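Trainee: I have this one open on my screen. Please walk me through it.

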Amino acid sequence: MAGASGLGTGPGAAGGDGDDSLYPIAVLIDELRNEDVQLRLNSIKKLSTIALALGVERTRSELLPFLTDTIYDEDEVLLALAEQLGNFTGLVGGPDFAHCLLPPLENLATVEETVVRDKAVESLRQISQEHTPVALEAYFVPLVKRLASGDWFTSRTSACSLFSVCYPRASNAVKAEIRQQFRSLCSDDTPMVRRAAASKLGEFAKVLELDSVKSEIVPLFTNLASDEQDSVRLLAVEACVSIAQLLSQDDLETLVMPTLRQAVEDKSWRVRYMVADKFSELQKAMGPKITLNDLIPAFQNLLKDCEAEVRAAAAHKVKELGENLPIEDRETIIMNQILPYIKELVSDTNPHVKSALASVIMGLSTILGKENTIEHLLPLFLAQLKDECPEVRLNIISNLDCVNEVIGIRQLSQSLLPAIVELAEDAKWRVRLAIIEYMPLLAGQLGVEFFDEKLNSLCMAWLVDHVYAIREAATNNLMKLVQKFGTEWAQNTIVPKVLVMANDPNYLHRMTTLFCINALSEACGQEITTKQMLPIVLKMAGDQVANVRFNVAKSLQKIGPILDTNALQGEVKPVLQKLGQDEDMDVKYFAQEAISVVAQRLRKLDFPVKDSGEPSVPRADKNHFPRPRVPGEDTGKGPVYQLHGDTRDTLAQLEIAELVHFSQSRD
């Protein structure tokens, strides 16, 4: 890493003339030269503290030149530097001196690593807004020109992102130069530069005058859309959305549509995929007339494309296409021009295509109405519920609320049940997890009788699944079901089955009982918790497995606020005190935690709490997991100091002292 001229490279050099104020910059140099990347990174992240201590003049005259000369480091250090400099305007003297930040950021905008360049460009765009129009033309525009004419493609790609931020406030003569520079980058020899220009074409078009858009941007769009590199052509499709929003219907038909038709039939599937992915935005930008005449036929071609990725992207847009159509023509267009292609996709050979369609097809029912849904869509839903791919069945089930609003879910109930059962027993645990999350929705739509008859057993089976994430989700599912069906249903249907698990030979299942009680207690209320759940929890305090016992303590702590005073004092507290004498350190710890919560609860109820006289439980030794300390927790050791005076300056001095301490300790 290159050094900074005129500056010492260590604390000794800084203190040679007795000027201790040079210590911060000397320490920064030391840290930046350290072989440890993390130390250099930490130093960069403290630049604002250093600049604050140095003052605006020395930051401009010493710190920034040093940083400009040392742009040779690990990418993560440069990334942090680029991010820091974006917020440095106030530390160099405000907007009048914002141009001082441009040299180091210009260097960072030319490095090889993409993420560093992008962050430097982001900071440059931020700083450009703080320049006055005069300063913009004096400092920022020349920087953009230098980047745009740089020898390496890295600088030219960075320049593409800066034209749109400096163009609006430039004079007419400078605007013409900026447009010329952008045109040259759009025809650059390097594909990466053309790609960067294509990605910013729409953004640049938005800040140009309409005449310039027609005369200059549209020809650039046409050329980029026919580029030899498909990575450039697909980005031109994205720019098409922004350009279309600026032009009239007549101009769109003559200037844009020929190029867009060409993109729909492009030889590269990536370009066609981009058209499908941006179809909703294109539809809104083009308007209803062009949509009916050109975009609907194009969408039909995308739905029957030879590449599965394109078909899947188009299938994802089916619902949005229908919603964006004119209301008076919506039903006719979908029924006659879109639905035949959808029927073919239901039996597509690619599971991703079928899954994409299943995620949106249910939304068509609200557009087409009850009769069309029953006659045309219902057979498709039933076919997808029987599909061999679990993701397809899952996507249908997850969107049942759309159909329920139109025709009611009973129409699907007979086919729905086998699909749910298969998903509930799927070999992939993530599929089982997903269907659990939709169970409260299904329960609300199917009703309590259907649920008890067909689905209740599934919910209980999930509680003993071999995957913890499933057991946890099943526990939360029970709580949501109780909230939906009420406490009486829970008392008669769920609670007895949960409590039976307390005698299960598998300790994991016994622990699940406790987790269920934690979740259900609040939903069920005090009476059910005290009479039915609490006795089981207290009984489990004598379990032979320590994990169960300390979870008993945690459960008693959880349900404590729900219980009345007599139960807390007469039943809960004695059990917790016994657990507080347990041979296992973790059981002791959690019991002591619970005792303190119960005691606090009793004090709130104005119930006299006697000191048990028992010594406090020591922290677990090295063979046990210690409890992590809560951030900001008062340890009770030592005085609590307060900062007085100018807090910002005090914090800055503390940071500097810390840096100096580290530097001296190494020496």
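This is a predicted model: local features need pLDDT of at least 70, side-chain atom pairs count only at pLDDT 80 or more; totals for chains, interfaces and linings use all residues.

Trainee: OK. What is the mean pLDDT of the protein?

Mentor: The mean is 81, and 84% of the residues reach 70 or more. pLDDT is the predictor's confidence in each residue, on a scale from 0 to 100.

Trainee: And where is it below 50?

Mentor: One such stretch is residues 610-667, which has 52 contacts in the model beyond near neighbours in sequence. A contact means heavy atoms within 4.5 Å. Residues 1-18 also stay under 50, and the model has 36 contacts for them beyond four places in sequence.

Trainee: Back to the rings. How many aromatic pairs are there?

Mentor: Rings of Phe, Tyr and Trp (its six-membered ring) pair if their centres lie within 6.5 Å; planes under 30 degrees apart are stacked, over 60 edge-to-face, and the rest tilted. The count by this rule is eleven aromatic pairs. F163 and F182 have ring centres 5.5 Å apart and planes at 85°, so this pair is edge-to-face. The pair joins distant parts of the chain, 19 residues apart: F163 is in helix α11 (residues 163-166) and F182 in helix α12 (residues 172-186). F182 also pairs with F204, and here the rings are tilted, at 4.6 Å centre to centre with 40° between the planes.

Trainee: Why does F204 count as buried?

Mentor: F204 counts as buried because its relative accessibility is 2%. For F182 the relative accessible area is 0%.

Trainee: Which residues form one aromatic cluster?

Mentor: F163, Y167, F182 and F204 do.

Trainee: New topic. What sits over the ring of F97?

Mentor: The charged end of R60, 3.8 Å from the ring centre. The rule asks for NZ of Lys or CZ of Arg within 6 Å of the ring centre and within 35 degrees of the ring normal. K554 also lies over a ring face, that of F590, at 5.1 Å from the centre.

Trainee: How many helices and strands does the protein have?

Mentor: It has 38 helices and zero strands. Helices (H or I, at least four residues) and strands (E, at least two) are DSSP runs numbered from the N terminus.

Trainee: Where is the kink in helix α30?

Mentor: The kink is centred on L455, in a helix that spans residues 448-462, and is about 60°. The bend at a residue is the angle between axes fitted to the seven residues ending there and the seven starting there. L455 is among the buried residues of α30, along with F450, F451 and W462, to name some. C459 is in this helix too, and with 0% relative accessibility it is buried.

Trainee: What is C459 in contact with?

Mentor: Leaving aside neighbours within four places in sequence, C459 contacts M439, F451, A474, N477 and L481.

Trainee: Last one: which residues have the most contacts inside the largest nonpolar core?

Mentor: F88, M286, I397 and L556, in a core of 213 residues. Helix α16 (residues 230-244) gives the most to this core, with ten residues. A nonpolar core is a set of buried Ala, Val, Leu, Ile, Met, Phe, Trp, Tyr and Cys residues joined through side-chain atoms within 4.5 Å. Beyond four places in sequence, I397 is in contact with L385, L416, A419, I420, L423, I435 and L442.

Trainee: And how much of the whole protein is buried?

Mentor: Buried residues make up 53% of the 667 residues. In soluble globular proteins, nonpolar side chains tend to be buried together.

Notes:
Residues are numbered from 1 along each chain as its sequence is written. Side-chain values use heavy atoms; hydrogens and water are left out. Buried means under 20% relative accessible area, exposed over 50%, partly exposed in between (1.4 Å probe, protein chains only).
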